[in-house]
Amino acid sequence: MIIDIPEGKEPIGYVWGELVPGIGTAAAAFSMAVYEHTTLGLREFEAARLRIAQINGCLFCLDWRTERDGEKVEEEFAGAVTEWRTTDAFDARTRLAAEYAERYALDHHGLDDAFWKRMTAHYSQMEIVELSMSIGSWLAFGRLNHVLGIDAVCVLPGH
């Protein structure tokens with residue numbers, strides 16, 4: 001960790017909530033909103049989230065699995081995300097979610113008309129905006145936690 005955490009303080013709560021409460025509290029609310037208010041299916045949500053975690057190298061995000069109504073993706077899912085181009089474990093929406101996350105993070109200028117034609121064939125405009133905001137959240141906050149070295153001790157509020 002490059003941030004000094006006082007004895008007895010939970011690192012993520014301290015960094016996000018105490019060091020920069022005006023920014024961190026709002027960022028935490030946005031981060032949680034992505035999980036609490038999503039309309040996306042669990043598999044496409046997790047495909048995009050895990051692809052960003054893989055790109056960011058965020059230890060907590062790589063280990064985390066979103067749970068909905070007692071359901072999580074299967075154990076092999078993260079490996080399939082790595083192989084999103086060739087895996088037979090994904091339907092078109094899940095594959096596109098992983099592709100979009102990767103391209104959003106690594107080549108957002110390369111999102112061309114052919115890509116958007118495929119996306120709009122499988123996702124509504126609302127879903128595209130929701131997925132874009134989710135990916136933006138994971139990209140920003142996963143990198144922030146990794147860069148500051150708090151990703152190894154990160155805990156989502158309420159979990």
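User: Which ring does the charged end of Arg93 sit over, and how is such a feature read?

Analyst: Happy to start there. A charge sits over a ring if NZ of Lys or CZ of Arg is within 6 Å of the ring centre and within 35 degrees of the ring normal. Here the charged end of Arg93 sits over the ring of Tyr123, 4.1 Å from its centre. Arg68 also lies over a face, that of Phe45, at 5.0 Å from the ring centre. Please keep in mind that this is a predicted model, where local features need pLDDT of at least 70, side-chain atom pairs count only at pLDDT 80 or more, and totals for chains, interfaces and linings use all residues. Residues are numbered from 1 along each chain as its sequence is written, and side-chain values use heavy atoms, with hydrogens and water left out.

User: Which residue forms a salt bridge with Arg93, and what are the cut-offs?

Analyst: A salt bridge is counted when a side-chain nitrogen of Lys or Arg lies within 4 Å of a carboxyl oxygen of Asp or Glu. Arg93 has Glu44 as its partner, with the closest N and O atoms 2.7 Å apart. That pair links distant parts of the chain, as Arg93 is in helix α6 and Glu44 in helix α3, 49 residues apart. Helices here are DSSP runs (H or I, at least four residues; strands are E, at least two), numbered from the N terminus.

User: Is Glu44 buried or exposed?

Analyst: Glu44 is buried, with a relative accessible area of 8%. The scale is simple: buried means under 20% relative accessible area, exposed over 50%, and partly exposed in between (1.4 Å probe, protein chains only).

User: How many salt bridges does a search of the whole structure find?

Analyst: The search finds eleven. One of them joins Glu74 to Arg43, the closest N and O atoms being 2.8 Å apart. Glu74 lies in the loop between α4 and α5 and Arg43 in helix α3, so this pair ties together parts that are 31 residues apart in sequence. Another bridge, between Glu67 and Lys72, has its closest N and O atoms 4.0 Å apart. Glu67 is partly exposed at 48%, and Lys72 is partly exposed at 46%. There is also a network of salt bridges that links Glu99, Arg103, Asp112 and Arg118.

User: How is a pair of aromatic rings described?

Analyst: By the distance of the centres and the angle of the planes. Rings of Phe, Tyr and Trp (its six-membered ring) pair if their centres lie within 6.5 Å; planes under 30 degrees apart count as stacked, over 60 as edge-to-face and the rest as tilted. A search of the whole structure finds nine aromatic pairs. Among them is the edge-to-face pair of Tyr35 and Phe45, 5.5 Å centre to centre with 75° between the planes. Tyr35 is in helix α2 and Phe45 in helix α3 (residues 42-56), ten residues apart.

User: Why is the pair of Phe45 and Trp138 edge-to-face?

Analyst: The ring centres of Phe45 and Trp138 are 5.0 Å apart and their planes are at 90°, so the pair is edge-to-face. Phe45 lies in helix α3 and Trp138 in helix α8 (residues 125-148), so the pair ties together parts that are 93 residues apart in sequence. Phe45 is buried at 1% relative accessible area, and Trp138 is buried at 7%. Elsewhere, Tyr100, Tyr104, Phe115 and Trp116 form one aromatic cluster.

User: Which residues is Glu102 in contact with, and where does Glu102 lie?

Analyst: Contact means heavy atoms within 4.5 Å. Leaving aside neighbours within four places in sequence, Glu102 is in contact with Arg51, Ile55, Trp84, Arg85 and Asp107. Glu102 lies in helix α6 (residues 92-106) and counts as buried at 10% relative accessibility.

User: One last item: what is the phi of Asp69?

Analyst: Most residues other than glycine have a negative phi. Asp69 has a positive phi of about 50° although it is not a glycine. Asp69 is found in the loop between α4 and α5 (77-82), and at 81% relative accessibility Asp69 counts as exposed.
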